[in-house]
Amino acid sequence: MRKRSTPYLLIAPFFLIFFLFMIYPIFNSLYLSFTAAEGSTSTWIGLENFKNVLTDSLFWHSLWNTTVILLVQVPLMLFLAFLLAAAVNQENIKGRGIFRLAIFMPVLIDLVTYSIVFSLLFNEQFGVLNFILHLFHVPGIHWLQDSFWAKATIIVAITWRWTGYNAIILLAGLQTIPASMYEAADIDGASAADKLFRITLPLLKPIFLFCAIMSIIGTLQLFTEPFLLTNGGPNNATETPVMYIYQYAFQSFHFGYASAAAYVLTAIIAILSYCQIRMSQGGEF
């Protein structure tokens, strides 16, 4: 019995921690979503929280803000990532390992740290960008106080951080394409554009799909950058669903309502994940 029970005793701490910090919070928040939980008190109210979330214009506004950001940021990021991956994949480049590390470095930087650095770069009074504009006698831009430029600042920050990550994934995909296919295309007299659109991009389609879906899901969970850079402003122009949930949970302490909003967002992400699984199986629904 001792020999049989020893392995289970060794893995028991993992399952205990997993249950306490993963399984229990999930089911507890599900219960809270059906209650009017404020502080330590809770009252069962059924689907009222979900009804209020789905009819709250601010929630949909925050979701729209995130949608606008991802519609611009994700295609731009994937385009830049592909250019970086194609450049690093060239055989005549020396020190490719160093370039790969440099491309991937932004991902290793802490979210809070790089967000604070970007807040300093885009500061209206003493930021580097406005200082450069003043050197050319160009009026400074209200980067974090204007709705358009606030979104643009967040897009730039996210793109800087995650482009290298996706470039490494695309680089791995490029390296799986057999060189013989390009050699055969050269023999047939194919141009560089022909090889790009008839060989490279079609074979990279599953990789692009994976990167796009994961980037969309990550953008829907956006919190740190808008929270530290703009705090959701100006006039909720950069409010995100996770910020919306955070405000109700940890500023207003309406845990039941926040839990319902979190599950609505989870449902949206689950639908996108389902689409990813379906599209990865041949690219069709």
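This briefing describes selected helices, aromatic rings and backbone features of one protein structure.

The model is predicted, so local features need pLDDT of at least 70 and side-chain atom pairs count only at pLDDT 80 or more, while totals for chains, interfaces and linings use all residues. Residues are numbered from 1 along each chain as its sequence is written, and side-chain values use heavy atoms, with hydrogens and water left out. The helices named below are DSSP runs (H or I, at least four residues), numbered from the N terminus.

- Helix α3, which covers residues 57-88, has 32 residues and reaches 45 Å from its first C-alpha to its last, close to the 46 Å expected at 1.5 Å a residue; the expected span of a helix is 1.5 Å times one less than its number of residues.
- A kink of about 25° in α3 is centred on Leu70, where the bend at a residue is the angle between axes fitted to the seven residues ending there and the seven starting there.
- The N-terminal end of α3 is capped by Asp56, with a side-chain oxygen that lies 3.1 Å from the backbone nitrogen of Leu58; a polar contact is a pair of N or O atoms within 3.5 Å, and within protein one must be able to donate a hydrogen and the other to accept it, while residues adjacent in sequence count only if both atoms are side-chain atoms.
- The 29 residues of α7 should span 42 Å at 1.5 Å a residue, and this agrees with its end C-alpha atoms, which are 41 Å apart.
- Helix α7 bends by about 35° at Trp162, and at the start of α7 a side-chain oxygen of Asp146 reaches to within 3.1 Å of the backbone nitrogen of Phe148.

**Aromatic rings**

- A pair of aromatic rings is described by the distance of the centres and the angle of the planes.
- A search of the whole structure finds 26 aromatic pairs, where rings of Phe, Tyr and Trp (its six-membered ring) pair if their centres lie within 6.5 Å, and planes under 30 degrees apart count as stacked, over 60 as edge-to-face and the rest as tilted.
- Phe82 and Phe208 form a tilted pair, at 5.8 Å centre to centre and with 45° between the planes.
- This pair links distant parts of the chain, since Phe82 is in helix α3 and Phe208 is in helix α9, 126 residues apart.
- Both Phe82 and Phe208 are buried, where buried means under 20% relative accessible area, exposed over 50%, and partly exposed in between (1.4 Å probe, protein chains only).
- The pair of Tyr114 and Trp160 is stacked, because the ring centres are 5.7 Å apart and the planes are at 25°.
- Tyr114 lies in helix α5 (residues 111-121) and Trp160 in helix α7 (residues 147-175), so the pair ties together parts that are 46 residues apart in sequence.
- Tyr114 counts as buried at 2% relative accessibility, whereas Trp160 counts as partly exposed at 37%.
- One aromatic cluster is formed by Tyr114, Phe118, Phe122, Trp143, Phe148, Trp149 and Trp160.
- Arg161 lies over the face of Trp162, at 5.0 Å from the ring centre; a charge sits over a ring if NZ of Lys or CZ of Arg is within 6 Å of the ring centre and within 35 degrees of the ring normal.

**A buried serine**

- Ser215 lies in helix α9, which covers residues 192-220, and Ser215 counts as buried because its relative accessibility is 11%.
- Leaving aside neighbours within four places in sequence, Ser215 is in contact (heavy atoms within 4.5 Å) with Val74, Met77 and Asn166.

**Backbone features in loops**

- Most residues other than glycine have a negative phi, and most peptide bonds are trans.
- Gly233 and Pro234 are joined by a cis peptide bond, with omega at about -5°, and Pro234 is found in the loop between α10 (224-229) and α11.
- Asn235 also lies in the loop between α10 and α11; phi of Asn235 is near 55°, a positive value in a residue other than glycine, and Asn235 is exposed, with a relative accessible area of 74%.
- His137, found in the loop between α6 (128-135) and α7, has a phi near 60°, which is likewise positive in a residue other than glycine, and His137 counts as exposed at 75% relative accessibility.

Conventions
Helices (H or I, at least four residues) and strands (E, at least two) are DSSP runs, numbered from the N terminus.
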